[in-house]
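Please keep the structure open beside the text as you read.

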Amino acid sequence: MPDVSLAAVALGAVAAFLLGFVYYGVVGAPVAAGGPPPRRAAWQLPVVELARSLVLAAVVVGVAAAADVTSAGGGLLLGLVLWIGFPLVLWTGARFHEGVPWRTAAVHAGDWLLKLLAIGLLAGVLA
């Protein structure tokens, strides 16, 4: 089992959470074709998003450790490769097969690109 930087996981989770908050605040969250999002208690959004960010950061940092990524460039490349292999493939499939509006797919793909690049960078620098 590779040594995983807990600092990279924690900082990556916080970075992903903050990037998503700022990104969707600037770009705006697209409303799904099915209507407005469900109503939730105000505390649920930050708790769920922070938990999701923590899982994402743990996975990316774990992959970086297993792949022996130890530089900023290597971390950015890992983030880009993970984005191409997963969110980009998923969102193009959602667009093609389910008819997800292109703006929705593009907005969410952009969010994932920023998060994966940031976490990959932190994983490479803090390895």
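Contact here means heavy atoms within 4.5 Å. With that in hand, His108 touches Tyr24, Pro30 and Trp91, leaving aside residues up to four places away in sequence. This is a predicted model, in which local features need pLDDT of at least 70 and side-chain atom pairs count only at pLDDT 80 or more, while totals for chains, interfaces and linings use all residues. Residues are numbered from 1 along each chain as its sequence is written, and side-chain values use heavy atoms, with hydrogens and water left out.

**His108**

- His108 sits in helix H4 (residues 102-125); helices are DSSP runs of H or I with at least four residues, numbered from the N terminus.
- His108 counts as buried because its relative accessibility is 19% (buried is under 20% relative accessible area, exposed over 50%, partly exposed in between, with a 1.4 Å probe and protein chains only).
- The side chains of His108 and Tyr24 are joined by a polar contact of 2.6 Å (a pair of N or O atoms within 3.5 Å; within protein, one must be able to donate a hydrogen and the other to accept it, and residues adjacent in sequence count only if both atoms are side-chain atoms).

**H1 against H2**

- Helix H1 (residues 6-27) packs on helix H2 (residues 44-66) at about 135°, with axes 8 Å apart; axes are lines fitted to C-alpha atoms, for helices over the stretch in contact, and angles run from 0 to 180 degrees between N-to-C directions.
- That makes H1 oblique to H2 (under 35 degrees is roughly parallel, over 145 roughly antiparallel, 65 to 115 roughly perpendicular, and the rest oblique).
- On the H1 side, the residues that meet H2 include Gly12, Ala16 and Phe17, and their partners in H2 include Leu50, Leu54 and Val61.
- By class, this contact of H1 with H2 has eleven nonpolar, two polar and one charged residues (Ala, Val, Leu, Ile, Met, Phe, Trp, Tyr, Cys and Pro are nonpolar, Asp, Glu, Lys and Arg charged, and the others, Gly among them, polar).

**H2 against H4**

- The axes of H2 and H4 come within 9 Å and cross at roughly 50°, so these two helices are oblique to each other.
- Residues of H2 including Glu49, Arg52 and Leu56 meet residues of H4, among them Trp112, Lys115 and Ile119.
- The contact of H2 with H4 has nine nonpolar, one polar and three charged residues.

**Asp68**

- Asp68 lies in the loop between H2 and helix H3 (72-98).
- Although not a glycine, Asp68 has a positive phi of about 55°.
- Most residues other than glycine have a negative phi.
- Asp68 is exposed, because its relative accessible area is 59%.
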